[in-house]
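Welcome to a short tour of a protein model. Have the sequence and the 3D view open side by side, and we will walk through a few features together.

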Amino acid sequence: PEPGGGHVCMSHPGVFAQTVADKLAEFKRNSYSSFAKGMPGDSNGLFYCRCADCQKKLSPHLGDQGLYSNVVWGYVNQVAAEVAKKMPGKNIVCCAYGGYLRKPEFPLMPNVAVTLCFYPVPRATLAYKQLWKKLLDEWSATGAKLYVWEYWNNSRYKRGAYGAPAIFPRQLKEIYAIDAGRVRGRAIEMPDVDGDGKSVSGWADWIYDIQNLYAAGRLMWDPS
């Protein structure tokens with residue numbers, strides 16, 4: 001709930017200095033934590049800074065999923081570099097998402113953690129698996145710590161599918177086998193719409209998802 005969406009100019013030295021100060025202060029407050037996020041607000045494409053310096057950093061040759069990759073990851077990289085000087089072992093995390101889903105055209109700092117946001121629920125199609133492997137291969141080459149944001153909610157956001165069970169342990173096994181040894185952890189976005197199509201403040205109809213979560217947990221320990 002940040003006023004105005006919380007979007008900032010990623011070329012302004014004052015903004016950069018404040019970001020670094022904020023992250024160092026956050027690590028001091030939460031000394032047990034190894035991660036602090038350094039990510040633009042949602043809808044980055046809509047609210048991206050219009051100043052000349054930010055505009056010239058765009059990368060149209062990387063396509064829609066890489067238009068903002070160099071500028072966003074460049075900023076994350078700079079913040080991570082400053083944090084590493086004063087607090088070794090602390091990581092700056094950012095999602096690979098939307099217009100910065102593609103990897104940037106430069107190496108990433110060792111203390112940059114990347115959360116890959118890839119499509120809705122796991123699918124059994126070959127095309128889905130090929131796209132996922134391509135994205136994993138691309139980001140694995142950066143040497144960054146990789147995590148995944150999975151969307152298990154979209155399948156129940158349509159009329160006729162409210163509250164419907166969606167059990168896919170075999171698909172999970174096939175998908176997780178592709179990223180075994182490369183992904184360190186997962187955030188799973190669960191449905192927040194109940195069987196009547198009403199939004200709830202939390203996880204709706206958990207009984208329909210628990211089998212998948214059980215299988216996912218087991219597979220993360222042992223992909224076989």
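A crossing of two helices is called right-handed if the near helix is turned clockwise from the far one by less than a right angle, and left-handed if anticlockwise. With that in hand, please keep in mind that this is a predicted model.

**A pair of helices**

Two packed helices are described by the angle between their axes and the distance between the axes. Here, the axes of helix α5 and helix α6 come within 10 Å and cross at roughly 25 degrees. Because angles under 35 degrees count as roughly parallel, α5 is roughly parallel to α6. The crossing in which α5 passes α6 is right-handed.

|---|---|---|
| α5 | residues 126–140 | Tyr128, Lys129, Trp132, Lys133 and Leu136 |
| α6 | residues 169–179 | Glu174, Ile175, Ile178 and Asp179 |

**Aromatic rings**

Tyr128 and Trp132, both among the α5 residues that meet α6, also belong to a cluster that ring pairs form with Phe118. The model's count of aromatic pairs comes to eight. Another ring, that of Tyr176, has Arg186 over its face, at 3.4 Å from the ring centre.

**A look at Leu46**

Is Leu46 buried or exposed? Leu46 is exposed, because its relative accessible area is 58% and exposed means over 50%. Leu46 lies in helix α2, which covers residues 44–47. From Leu46 to Pro110 there are 64 residues in sequence and 30 Å in space, C-alpha to C-alpha.

Definitions and conventions. Residues are numbered from 1 along each chain as its sequence is written. This is a predicted model: local features need pLDDT of at least 70, side-chain atom pairs count only at pLDDT 80 or more; totals for chains, interfaces and linings use all residues. Side-chain values use heavy atoms; hydrogens and water are left out. Rings of Phe, Tyr and Trp (its six-membered ring) pair if their centres lie within 6.5 Å; planes under 30 degrees apart count as stacked, over 60 as edge-to-face and the rest as tilted. A charge sits over a ring if NZ of Lys or CZ of Arg is within 6 Å of the ring centre and within 35 degrees of the ring normal. Helices (H or I, at least four residues) and strands (E, at least two) are DSSP runs, numbered from the N terminus. Buried means under 20% relative accessible area, exposed over 50%, partly exposed in between (1.4 Å probe, protein chains only). Axes are lines fitted to C-alpha atoms, for helices over the stretch in contact, and angles run from 0 to 180 degrees between N-to-C directions. Angles under 35 degrees count as roughly parallel, over 145 as roughly antiparallel, 65 to 115 as roughly perpendicular and the rest as oblique. Contact means heavy atoms within 4.5 Å.
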